[in-house]
Amino acid sequence: MFEGSSSRKIEKLKTLLCYFRRVTQTRPKGLVTFTRQCLSSPPNWESSQTHLTRLHITCEGTIEDDGYGMLQVGPPAVI
């Protein structure tokens, strides 16, 4: 993670720092679990004719504060 620089590495580091800032400001309550899942046969998005319904994409706010009822999807957290 620390060799070279890229915008992806910077964003990953910012995400980690944000997480630790949040959990040290107020002690979390409850249980959080993470699972890594993948598709054995991902769709061909370029040729797909399927419409995505009720899709909302934003870079505003945070999933913790503004994402009630939403699903967060992102790239694998490989550091």
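Where does L16 sit in this structure? L16 has its place in helix α1, which covers residues 7-25. The model is a predicted one.

**Salt bridges: the count**
- Side chains of opposite charge can pair when their charged atoms come close.
- How many salt bridges does a search of the whole structure find? The search finds two.

**Salt bridge K14 with E11**
- K14 and E11 form a salt bridge, with 3.1 Å between the closest N and O atoms.
- The two residues are three apart in helix α1, so about one helical turn separates K14 from E11.
- K14 is partly exposed, at a relative accessible area of 46%.
- E11 is also partly exposed, at 42% relative accessibility.

**Salt bridge R22 with D65**
- R22 and D65 meet through their side chains in a salt bridge, at 2.9 Å from N to O.
- This pair links distant parts of the chain, as R22 lies in helix α1 and D65 in helix α2 (residues 63-66).
- R22 and D65 are 43 residues apart.
- Is D65 buried or exposed? D65 counts as exposed because its relative accessibility is 55%, over the 50% cut-off.
- R22 is partly exposed, with a relative accessible area of 27%, because that value falls between the 20% and 50% limits.

Notes
Residues numbered from 1 in each chain as written. Predicted model: local features only at pLDDT ≥ 70, side-chain atom pairs only at ≥ 80, totals over all residues. Heavy atoms only, no water. Helix = DSSP H or I, 4+ residues; strand = E, 2+ residues; numbered from the N terminus. Salt bridge = Lys/Arg side-chain N within 4 Å of Asp/Glu carboxyl O. Buried < 20%, exposed > 50% of the residue type's maximum accessible area, 1.4 Å probe, protein only.
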